[in-house]
Amino acid sequence: MLAALLALGGLGAATGGALALAARRLPPDADGLVRRIDAQLPQTQCAQCGYPGCRPYAEAIAAGEAPINRCPPGGERLVTTLAALLDRPALPVAGAAPAPAQVAVIDPERCIGCALCLPACPVDAIVGAHRYLHAVLPAVCTGCELCLSPCPVDCITLQPAAAPAGSPTADVLPARPSATGGG
Amino acid sequence: MVEIEPTPHRFPGGLTLPGHKAALQTAPIEVLPLPDELVLPLRQHPGAPALPLVAVGQRVEAGERIAAAPDPLTADLHAPAEATVVALERRALIGAPDAQGQCLVLACAAPGSRGEPPAADPGAGAIDTPAAQIRRRLAAAGVAGQGGAAFPAATKAGVASASQPRLLILNGAECEPYVACDEALLRTGAAAVLRGAEWLRRAAGATAGVIAIEADKAAALAAMAAALAATGWTHWRLQRLPVRYPAGAERQLIQLVTGEELGAGRLPAEAGIVCHNVGTAYAAWQALEQDRAMTHRVVTVTGGGVARPANVLAPIGTPLATLIEFCGGYTALAHRLIVGGPLTGVAVADDARPITKGTHCVLVAAPADLSNPGPERACIRCGDCVAVCPARLLPQQLLQAARRDEDDELARQRLFDCIECGLCAHVCPSHIPLVAHYRRAKALVRGRQRDAAAAAQAKARYEARERRLAAEAAELAAAREARRPGRPAAPSEVGQAQDRRAAIQAALDRARARAQQKPADAPPDEEPPAS
């Protein structure tokens, strides 16, 4: 009886000590956590969370400085995923309601070629140069809206993104008849 | 006489369904008079939309290429008749109620004129063109699969030829109830279909061919046997399939013919097999022996809601309403408009939408054609859906996964192995529209995959931009550092500065020398120049 108590107690104490030591000595895997959080973010780089991009937001979440519900493009699904990943309570999404995918479009009639929108784009999706017409690469644009405010002539608008090839929306409705009836 | 072999093989699941095609099994193919207007969707294939080659107002000849395929998953589009291009605009398409797409709208020059019925005499020339050349001609004629997916025939043959297939299966199963257009082609044009199939076999480089026809199509089997006997080809066999839906689905067909069950994700080409539809073979024959593009197809217009069901040869782009009018119009029983067969088709909201290369059936269902499913009830775990599933899935489990919409669980339940045959929903005593749930789940998963790809791209570009900005900032800082005063100059800079100072001094001296020479009274400040 006593031997058993001593053995189990000793084992517990030894393991506890080892764990305490490990927690103090080994560095926490902060970068790995940031990467795992970043992998869940939608990478629109839209800064709606208040951080300059998805990675900075991921770093802030990992450091415990930011709540997990500040990403409107990620929506509820992202909050659920992050809540599970970080073992934090899921919160309702803060900010704008998630909008359907959009792309920025430059009106070629109004663009004056000022190049102010070029550095604003977080994914280099705008091509152009001083005094030359600019254009947005629709396949690369994330619809983050960051190019709207620098434009002095308001020639950039957001438009619904074109449905991708093989878009499945056309076949989601079933016919659902039966082949056994009359006739 | 050629022997009609019964197949010894079976596939899992499946169901024998009443055919509802007796009336169409003896009738000839009727030719639709040319409509006033044809609406040709630019997206009819799995790939990107075709690129229009004509301008609004332009006159086009019959068979003229009017849109070009941008990738191998799309086929070229040709004008079915002499016409004027009147518009390039978005029109409602077959699919969801709000399905729309860019269409070329043609006003036909001679509406009401009749096209040609399927040719009776297929010719007898040798079929010995090199495979690559056959594929080029198939692509130039815009030949695409007529079984539903409209996959370009040339691409299919090209992909298959890379793996040196052993077998081409000509799919004449037409297992879905109500649909009878392939059978009509087989009955009336078996010899042409057979020659088309031989062209396709050569294009794919397959060593042998099998024509597979369901046993309830006696006339088609007899016609094909006669055609095969007339050619004397020994590398073709004729097989009779059991009447069991979905015998005509690609994987099930392969299993019936060869006994081989393709595992999940394994492509027919990897097993050395290529399948083509009967209609596609006919179009291939037209392309290669009559030099005609695929501008028409046979469509079954049937159901209790249409006055005179028929197999109709119609130009691609014919509005559904024109087809139904040609078949005597709607009856009082018309209840629901379905494009495709009753199990795999889609309900459409109005009849102005045009048929495409893949449209094989227009079903105007009367209430009696549809079971009255009543309200959906909870799953009672009867397992009927498991018994009929030809893909060996667990439809109940898949339904749970689809409802929860979890990627991992959907992958475990092999969502994308579902061929959407519709049998699970058909047998469900609780009237659960299972296939609708699976289609929705597939759409959501594909959407998330696209989003993930877009996110990866945006992330890569964002990180590249961060690196570039950091490099630019570092460069700027280095340059600023270089200009700061009070910093010990590098030896080369010291030398350059001395040279520059010497040059300036020399120039100053020269100027002074000149000034001394002209006004001699000006006193020199310093000693005269050395030069």
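Modeller: Let us begin with the cavity lining, to which helix H8 (384-388), helix H9 (395-404) and helix H11 (423-427) of chain B each supply at least two residues in the case of the largest cavity; helices here are DSSP runs of H or I with at least four residues, strands are runs of E with at least two, and both are numbered from the N terminus. This is a predicted model, in which local features need pLDDT of at least 70 and side-chain atom pairs count only at pLDDT 80 or more, while totals for chains, interfaces and linings use all residues. Residues are numbered from 1 along each chain as written, chains are lettered from A in the order in which they are written, and side-chain values use heavy atoms, without hydrogens and water.

Colleague: What is the volume of the largest cavity, and which residues lie nearest its centre?

Modeller: Rolling a probe the size of a water molecule over the atoms shows where empty space is left. On a 1 Å grid over the protein atoms alone, a cavity is a set of points where a 1.4 Å probe fits but cannot get out, and lining residues have an atom within 4 Å of a point. The largest cavity here has a volume of about 110 Å³, and of its 16 lining residues B:Cys379, B:Cys385, B:Gln396, B:Cys428 and B:Ile432 lie nearest the centre.

Colleague: How should I read an aromatic pair, and how many are there over all chains?

Modeller: A pair of aromatic rings is described by the distance of the centres and the angle of the planes. Rings of Phe, Tyr and Trp (its six-membered ring) pair if their centres lie within 6.5 Å, and planes under 30 degrees apart count as stacked, over 60 as edge-to-face and the rest as tilted. The count comes to two aromatic pairs over all chains. B:Tyr282 and B:Trp285 have ring centres 5.5 Å apart and planes at 40°, so this pair is tilted.

Colleague: Are B:Tyr282 and B:Trp285 buried or exposed?

Modeller: Buried means under 20% relative accessible area, exposed over 50%, and partly exposed in between (1.4 Å probe, protein chains only). B:Tyr282 counts as buried at 7% relative accessibility, and B:Trp285 counts as buried at 1%.

Colleague: Which residues of helix H5 of chain B are buried?

Modeller: In helix H5 (residues 250-258) of chain B, the buried residues include B:Leu253, B:Ile254 and B:Leu256. After H5(B) comes B:Gly259, with a positive phi near 85°.

Conventions: 1 Å grid on protein atoms, 1.4 Å probe; cavity = no way out; pocket = protein on both sides within 12 Å on 5 of 7 lines; lining within 4 Å. Points joined across faces, edges and corners; volume = space filled by probe spheres on them.
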